[in-house]
Amino acid sequence: MWQQLLKHREALLGGVIVLLVLSIGSRVPSFISPGNLVEMFNDTAILIILALGQMMVLLTKGIDLSMAANLALTGMIVALINFHHPDVPVWSLLLLATLLGLLMGMINGLLVWKLGIPAIVVTLGTMSIYRGIIFLLSGGGWVNSNQMGADFLGLPRASVLGLPVLSWCAIAGLLLVGYFLRYSRTGRALYTAGGNATAAYYTGINAGKMQFVSFCLSGALAGFCGYLWISRFAVAYVDVANGFELQVVAACVIGGISTMGGTGRVLGCLFGALFLGVINNALPVIGISPFWQMAISGTVIVIAVLLNERANKRKGRLILRDAALARQKQAVKS
């Protein structure tokens, strides 16, 4: 039974999301209206994009706890530029945010790759550093909506074919990362580097370099989301997205991305983020306390981790069995 559940994990999670939405909709019909469903996906779009970046780091046996601080710092920088230089085009601010995020991801990646410091230690440190830089740049102050330009605020809200641009950014991210991981040589190498470092070594894949690449991609996506977050919520301050990195990791774990590396799919990442998005939107509608929201999310995360560990143990047993069979065949030939 457990093996079948693990084998069809994305389908199971997708079914749970549909049942959850329908059950809430039976009590509050407006919850399943097309407009609310679009808004709910739009609310989850930034989480989806960040989870894609975190997924690539997790595939290489790393973790990036600095994503939210990266987002907050890049968002503050572009907000300050927009305030002091309102004539700077929005597309250039978006590009700058992405490049700054890439730079911060490179710093994380180099510390992990070249110095061999554990990823959790590096990103905990850089998370605090980036938050400190925000305070130095802003003096502890805020940049509010009345200090931001109309174009700066308007881009994520603009509608294209019935969906906001923010939602299209998430859809584009899913397609691009899915293609990258499935069809590109580097994308496949991320799986190999995290799933079997020994095999990666003998096939010429540098596991440390793949971790560096994953941190660069994660940082770039976080920087990209820095503009999207500040523009959507129309405010920039030191504690923007504080703690949001835990939601990002949770989305990945719920979606079946293993913290042990080498396992996970974009579809699972999407469903993990959507599950949290539905929970966050649904529970207040039916009058459940925010404390219960945290408890329910935590319970789901623990269950997801247990499922992941069970899958990893089964994978390990299969590898040992195959190795034993190979030795037996070699002995027979001898």
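1. Let's start with the middle of this thing. The largest nonpolar core takes in 95 residues, and Ile48 and Leu50 are the ones with the most contacts inside it. Helix H3, residues 34-59, gives the most to this core, with 15 residues. Keep in mind that we are looking at a predicted model.

2. What does Leu50 touch, leaving out residues up to four places away in sequence? Its partners are Met67, Leu71, Leu221, Ala222, Cys225, Phe244 and Val248. Two of these, Phe244 and Val248, turn up again among the buried residues of H12.

3. On to H12 itself, residues 244-254. Nine of its 11 residues are buried, so the helix is largely enclosed by the rest of the structure. The buried set is Phe244, Glu245, Val248, Val249, Ala250, Ala251, Cys252, Val253 and Ile254. Note that Glu245 is in that set. Just after H12, Gly256 takes a positive phi of about 95°.

4. Next, a helix pair to look at: H4 (residues 67-84) and H6 (residues 119-138) pack with their axes 8 Å apart, at an angle of about 20°. An angle under 35 degrees counts as roughly parallel, and H4 and H6 are therefore roughly parallel to each other. Their crossing is left-handed. On the H4 side the contact is made by Ala68, Ala69, Asn70, Ala72, Leu73, Met76, Ile77 and Leu80. H6 answers with Met127, Tyr130, Arg131, Ile133, Ile134, Leu137 and Ser138. As a reminder, an α-helix has 3.6 residues a turn, so residues three or four places apart point the same way.

5. Two backbone spots I'd flag for your attention. Leu161 has a positive phi of about 55° although it is not a glycine. Ala234 is also not a glycine, and its phi is positive too, near 55°. Leu161 sits in the loop between strands S2 (159-160) and S3 (163-164), while Ala234 is in the loop between helix H11 (207-233) and strand S4 (235-236).

6. Buried or exposed: which is Leu161, and which is Ala234? Leu161 is exposed, at a relative accessible area of 76%. Ala234, with a relative accessible area of 15%, is buried.

7. Finally, the overall picture. The protein has 14 helices and four strands, and 47% of its 334 residues are buried. Of the contacts with a separation of 6 or more, 79% are between residues 24 or more positions apart. The accessible surface comes to about 16,600 Å², and carbon and sulfur atoms account for 68% of that.

How values were computed:
Residues numbered from 1 in each chain as written. Predicted model: local features only at pLDDT ≥ 70, side-chain atom pairs only at ≥ 80, totals over all residues. Heavy atoms only, no water. Buried < 20%, exposed > 50% of the residue type's maximum accessible area, 1.4 Å probe, protein only. Contact = heavy atoms within 4.5 Å. Areas by Shrake-Rupley, 256 points an atom, 1.4 Å probe, with all protein chains shown as cover. Core = buried A, V, L, I, M, F, W, Y, C linked by side-chain atoms within 4.5 Å. Axes fitted to C-alpha atoms, helices over the stretch in contact; angles between N-to-C directions. Parallel < 35°, antiparallel > 145°, perpendicular 65-115°, else oblique. Left-handed = near helix turned anticlockwise from the far one by under 90°.
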